[in-house]
Amino acid sequence: MSGVSTVPGPDAARPTPEPTPDPAIDAAVAPLEVAPGAGREWWRSAVVYQVVLRSFADGDGDGVGDVAGLRSRLGHLHDLGVDAVWVNPWYASPMVDAGYDVADYRAIDPAYGTLEEAEALVREAHALGMRVLLDVVPNHTSDQHAWFRAALAGDEAARARYLFRPGRGAHGELPPNDWESCFRGPAWTRTRTPDGEPGEWYLHMFAPEQPDLDWSSREVAEEMLDVLRFWFDRGVDGFRVDVAHGLVKAPGLPDAEGRDRRTQEHPGWDQDEVHDVWREWRALADTYDPPRVFVAEAWPARRTERLPLYLRPDELHTAFEFEPLHVAWRARPWRDVVDRSLAMGELTGAPCAWVLTNHDVVRQATRYARSQWEVKGTNETERARWPTEVPDLALGRRRARAAVVLTAALPGVLYVYLGEELGLDEVEDIPAERRVDPIHRRSGGTDPGRDGSRVPLPWSGDAPPFGFSPPMTADGSPGAAPWLPQPARWAALTAQAQDGDPASTLSLYRRLLALRRERLAGAGPLRWLDAPSPDVLALAREGTDLQCWVNLGDGPAALPEGCRVLVSSGPVEGGVLPADTAAWVVVGA
Ligand code: GLC
């Protein structure tokens, strides 16, 4: 791992980390309560790195990433130049849905470490000038949560915290309504009474192991507020809020009558009363100093009308801009996405939170490696193309590099998903028996699911586990293989192989994020510039001399005369921007 560099901060108050802390030495780190940097508005322009803990780095050699592994690699994130780390759910969980099935919101899963280690991680990240966001899952618990176990055992108070209903049909043999789970199949599972008779049904918008909570219960609301307090009091700077448009269901749980939750109003999603929850959460976050922050994962139907409601000044601070996950690599659709998102920002005052990929979608190097949809695809349609269309990964990587040069130039927050900075592609050939995503299982094996974007990172060396795990465990036995198989081709993409290579994707990300801090801190709104071709996007940021040029066409395009290239996604020579290339330039300097 390379050393900790001193990248200038986005605001003058950002401290230079000094002395260089060794994550192993707790004495060198800041007190728990002190968050780094004094800029209270840091969340408006930050770069946030998403960590899937089990895939980032394994500290103890069991083949599963953990808190110790993350602590040992914080220097990588600091050198990359990120402002914050978002850790996917790390709570005690049976891991049916990668930890989005929480059994205990106040405990770290033993496979990941201990609460003490988690607290040390927060301190160490702060000492390096990075904030820490966690992931809160308020819509549902695990079926192994103490509440749900008590509910199944017949405890009436516990049952009232979930959505148990009698079935329809003469003997209650039909689900209470026609809702479908996001992971396929009915959103209801029938229970047995403690004496073994067929009983009521319970609602689960995701897997059956993820029963939905009943948010009309005050106990549920109080418990989640207390969970937030638990982590805020440990110095955590904020939360990514899982399915923030869920939680509240229409009274009486009426049938959806075939309405598609993604595009049409649906009684299971995006109910007006959910905003009462966010107002209460915001009020709590604002009692802290510095105030804690939220980013919503929300995908309401009628997004442009409904998403802004979540971003009212007394609700959630930001919401992911998900359109880039599905937009074709084409100039017009990209420009439309940017315009729509910025218009939403103008309406709410909330910054856009740009994401090119995450743990739920196909990695961008692979998405861009196949022919580009003229209409928006979905995750399912994207994965359905795998068997029929061979990906051109060199092309996909070129486009992915250009895409980050574009998104890093946009106003707002930038999310970077683990391994994106290494240019990793989707692993499509994981054997079926190794796949663990419930989407794969529940589709009867027809949909490969999301595992391909969650394969453990390659850090060093020429062969798996590529430094992901130590060669030996503490008791001297050989380390286990990574929990998902890594492809041999990743030997060329390890962090070690890319470190120091100026042409590598890692070097591009480092340079880009450093320049973003240097040049775009405090930059004004975006202004589109005239471009020589409809396949080229050109933009400037008010108050700076920086321009971003992106060529999404098939042929070369001329850059402005006499411009100086600060950073580019690929080679730029003679004032010509090749196809699938983007550059930040200054003109007349
Ligand atoms: C969110 C998460 C996803 C998870 C689901 C259920 O969409 O991003 O990974 O499966 O919620 O919690």
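Which residues in α13 meet which residues in α16? Before getting to that, keep in mind that this is a predicted model.

Let's start with the two helices in question. Helix α13 covers residues 393-407 and helix α16 covers residues 505-520; their axes come within 11 Å and cross at roughly 5°. Angles under 35 degrees count as roughly parallel, and that makes α13 roughly parallel to α16. As for who touches whom, α13 brings Arg401, Val404 and Val405, and these meet Thr505, Leu508, Tyr509 and Leu512 in α16.

Helix α7 runs over residues 218-232, and it packs against α8 at an angle of about 30°, the axes being 11 Å apart. With under 35 degrees as the cut-off for roughly parallel, α7 and α8 are therefore roughly parallel to each other. Their crossing is right-handed. On the α7 side, the contact is made by Arg218, Met224, Leu225, Leu228, Arg229 and Phe232, while α8 supplies Glu280, Trp281, Leu284 and Ala285. The tally for this contact of α7 with α8 is 7 nonpolar, no polar and 3 charged residues.

The next pair is set up at another sort of angle. Helix α9 (residues 303-310) and helix α10 (residues 331-348) pack at about 40°, and their axes are 10 Å apart. That makes α9 oblique to α10. This crossing is right-handed. If you want to pick out the contact on screen, look for Arg303, Thr304, Leu307 and Pro308 in α9, which meet Arg340, Met344, Leu347 and Thr348 in α10. Here the residues of the contact divide into 4 nonpolar, 2 polar and 2 charged.

On to the ligand. How many residues surround the ligand? There are 13 of them, and the closest are Asp97, Asp242, Glu297, His359 and Asp360. Some of these come with distances you can check for yourself. Asp242 places a polar side-chain atom 2.8 Å from an oxygen atom of the ligand. For Glu297, an N or O atom in the side chain is 2.6 Å from a ligand oxygen. Asp360 has a polar side-chain atom lying 2.5 Å from an oxygen atom of the ligand.

Finally, a few backbone spots deserve a look. Most residues other than glycine have a negative phi, and most peptide bonds are trans. Against that background, take Ala98: its phi is near 50°, a positive value in a residue other than glycine. Ala98 sits in the loop between β3 (91-92) and β4 (104-108).

Then come the cis peptide bonds. One joins Asp289 and Pro290, with omega about -5°. Pro465 is found in the loop between α14 (438-442) and α15 (495-498).

Terms used
Residues are numbered from 1 along each chain as its sequence is written. This is a predicted model: local features need pLDDT of at least 70, side-chain atom pairs count only at pLDDT 80 or more; totals for chains, interfaces and linings use all residues. Side-chain values use heavy atoms; hydrogens and water are left out. Axes are lines fitted to C-alpha atoms, for helices over the stretch in contact, and angles run from 0 to 180 degrees between N-to-C directions. Helices (H or I, at least four residues) and strands (E, at least two) are DSSP runs, numbered from the N terminus. Angles under 35 degrees count as roughly parallel, over 145 as roughly antiparallel, 65 to 115 as roughly perpendicular and the rest as oblique. A crossing is left-handed if the near helix is turned anticlockwise from the far one by less than a right angle, and right-handed if clockwise. Contact means heavy atoms within 4.5 Å. Ala, Val, Leu, Ile, Met, Phe, Trp, Tyr, Cys and Pro count as nonpolar, Asp, Glu, Lys and Arg as charged, and the others, Gly among them, as polar. A residue is near a molecule or strand if one of its heavy atoms lies within 4 Å of it. A polar contact is a pair of N or O atoms within 3.5 Å; within protein, one must be able to donate a hydrogen and the other to accept it, and residues adjacent in sequence count only if both atoms are side-chain atoms.
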